[in-house]
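Let's take a walk through this one together, starting with charged pairs and ending at a ligand. Keep the viewer open as you read.

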Amino acid sequence: MDDDRALSRARQADSLIIVDQLTKKFNAVTAVNGISFEVHEGELFGFLGPNGAGKTTTINMLTGLARPDSGAIRIAGMECTRNPKAAQHLLGVIPDESNLYPELSGFDNLCFCASLYGMQKKERRMRAGELLKDFGLEEAAHRKFAAYSKGMKRKLTIAAGIIHSPRILFMDEPTTGIDVGSARHIRQLIAELHRAGTTIFLTTHYIEEAERLCERIAFIVRGRVVQVDTIANLLQPIQQREAMVVSVSNAESDLCSRLAAEFPHLEFQAVSLEHIRVESSEAIHIAPLLRFIENQGAEVTEARRTRLSLEEVFVGVTGIELDAMKKEKEKSGGGS
Amino acid sequence: MKRWIAFWNIMLKDMRAYYLKPPNISWGLMFPVAWTGMFFIKSGRGMDSILILLPGVIAISVLFGTTSMLAVTVTFEKKNRSFERLLLAPIPLGLLMLAKTSGAILFGVANAFVPIVLALFLTDLSQIAWITVIPAIVLIAIVSTFLGLFIAVSVSEVFEAQTFSNFFRFPMIFLCGLFFPIESLPALLHPLSYLLPLTYGADILHGAVNGKSSMPLGLDFCVIAGFCVVLFAISLRNIHRKWIV
Ligand SMILES: Nc1ncnc2c1ncn2[C@@H]1O[C@H](COP(=O)(O)OP(=O)(O)OP(=O)(O)O)[C@@H](O)[C@H]1O
Ligand SMILES: [Mg+2]
């Protein structure tokens, strides 16, 4: 117990962001409801939740665009609840929507953003040039931002958020709504920034993205943080479990319940009429399973082992069905 | 130091992006010319009336030049969310808003010189007390810019900003003694006149150009300066309350 407390004190010491009981209401809507979490120095921290969960509202409060109704925020040891300006020089913010100046060129936009953080002219121009090159926007450097495509706009918005090399970077759904190639490029960039020591606070509703990139994750649902832990710890309970999907045709509708009666140590779930999901904390032996299904008059067309991932953990913890998140994903256009 | 780099660049960016654009420059030129021409023809009194009209035309040019700009630099940027960048920057809100308005103030001062240069070609301006006119122009530019700011932070759409500012601007042409003395207005309107900052600016200009001011110049200057402080403070408070939600 004492060890635990010592550990949490040590953690607190290297916590760059400490959020305590933060609440924000918009009239009748409680957007953020008493959330608490910490982000450590150099960490890539994921904030994972469905639409309307309160992710953007949380970022806005941490960065000074929204005023909390109650709770406390400390960033780098500074009290920021009432005085959000205190830590703003340490922050970089990449908003969910591009909000650069349409009438300025890409290059001028970057230089202007750098000047807001007090960077000298020579340095600004050099960094802007480098970033435009890194993001493959060299050719468009002197075109107006208004004439950029959606993906180009997103890239320039990211460049604008990191031009002053912030110690803490907030990214609000950086890969939503852009094509697969650009999204991959952005994920690589996030990983690079992380390696270079930037503390990153990333919101997303792509579970795979969070699993692949982040070290620790908070699940946020309807304004509440329902769990915060490292990816390893979150995955731990499912690590020993096995899962497979069996595709069948001509199956009776009660096949699942018959399977459950026959194999009590396995869990069955009908994903659809043709697909049955099997999960177990013990080894799943395929042959008896297939024999039983065929004896029931159905035909097995495919049986495939699947890896259990953070998705299952998320569903288990939040009770939000994967379908709901998947639908969002399709709407906003492609994950990985 | 870092803050001043930000201040300077915010001002420069607004000038490059908005004020020095051809449509704005031609608007800045056309507007005073049109007003001068209109009043000149209307009064039909020949060249010597120019000095009588000049203070009013200067004040109007500044008022319209500055207030229209704030609808763009503030309301429009709020609408397309680029204003959030400024709110996220490590600059105190007061300094930020000074940077956002200083471009408009300079634009207003420049506008004032259009009718002055025109008049220079048409008549003799040697009787004008420039030492009073210049600071008066600067103060009028500041107070009308802050009036524009006050309007810009009270509305959320660009067109609302235009409508709302016309609601202030057009009555001011008549109520502030720009072209005819306040005394010639119905007595009922007098209190209204004295509630408008431009009344005091116009009074200084009349005094400096024609030697006919109705109040002590010192008082005029103090009242305008007071309006500047109050309008700016209210605007800051509104931004704080309404934009940082
Ligand atoms: N300015 C506002 N006024 C009123 N309600 C708001 C405002 N901003 C957010 N909300 C509400 O607060 C809740 C949380 O919104 P928020 O934008 O933080 O969600 P999010 O997790 O970022 O969602 P998304 O994935 O769609 O971006 C929503 O119900 C939203 O309608
Ligand atoms: Mg959001």
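**Salt bridges, a patch and a ligand site**

Start with Arg127(A) and Glu130(A), whose side chains meet in a salt bridge with 3.8 Å from N to O. Why do these two pair up over about one helical turn? Because Arg127(A) and Glu130(A) sit 3 residues apart in helix H4 (residues 121-134) of chain A, about one helical turn separates them. Glu130(A) is partly exposed, at a relative accessible area of 37%. Bear in mind that this is a predicted model, so treat what follows as a tour of a prediction.

Now for a pair that reaches further along the chain. Glu312(A) makes a salt bridge with Arg277(A), and their closest N and O atoms are 3.3 Å apart. This one ties together distant parts of the chain: Glu312(A) belongs to helix H11 (residues 310-318) of chain A and Arg277(A) to strand E13 (residues 275-280) of chain A, 35 residues apart. Both Glu312(A) and Arg277(A) are buried.

Over all chains the structure has 21 salt bridges, and one of them joins the side chains of Arg81(B) and Glu97(A), at 3.5 Å from N to O. This pair crosses between chains: Arg81(B) is in the loop between helix H3 (50-79) and helix H4 (83-88) of chain B, while Glu97(A) is in the loop between strand E6 (91-94) and helix H3 (106-116) of chain A. Arg81(B) is partly exposed at 22% relative accessibility, and Glu97(A) is partly exposed too, at 46%.

While you're on chain B, look for a nonpolar surface patch formed by Leu188(B), Leu189(B), Leu192(B) and Leu195(B), which together have about 420 Å² of accessible area. Leu192(B) lies in helix H8 (residues 190-194) of chain B and counts as partly exposed, with 41% relative accessibility.

Last stop: ligand 1. The residues around it include Phe26(A), Pro50(A), Lys55(A) and Glu173(A), and the shell splits into 5 nonpolar, 5 polar and 2 charged residues. H2(A) gives the largest share of that shell, 3 residues. An N or O atom in the side chain of Glu173(A) is 2.9 Å from a ligand 1 oxygen. On its own ligand 1 exposes 630 Å², and the protein buries 61% of that.

Methods: Residues are numbered from 1 along each chain as its sequence is written. Chains are lettered from A and ligands numbered from 1 in the order in which they are written. This is a predicted model: local features need pLDDT of at least 70, side-chain atom pairs count only at pLDDT 80 or more; totals for chains, interfaces and linings use all residues. Side-chain values use heavy atoms; hydrogens and water are left out. A salt bridge is a side-chain nitrogen of Lys or Arg within 4 Å of a carboxyl oxygen of Asp or Glu. Helices (H or I, at least four residues) and strands (E, at least two) are DSSP runs, numbered from the N terminus. Buried means under 20% relative accessible area, exposed over 50%, partly exposed in between (1.4 Å probe, protein chains only). Patches are made of residues with over 30% relative accessible area and no salt bridge: like charges are joined within 9 Å, nonpolar side chains (Val, Leu, Ile, Met, Phe, Trp, Tyr) within 5 Å. Accessible areas come from the Shrake-Rupley method with a 1.4 Å probe; for residues, only the protein chains shown count as cover. A residue is near a molecule or strand if one of its heavy atoms lies within 4 Å of it. A polar contact is a pair of N or O atoms within 3.5 Å; within protein, one must be able to donate a hydrogen and the other to accept it, and residues adjacent in sequence count only if both atoms are side-chain atoms. Ala, Val, Leu, Ile, Met, Phe, Trp, Tyr, Cys and Pro count as nonpolar, Asp, Glu, Lys and Arg as charged, and the others, Gly among them, as polar.
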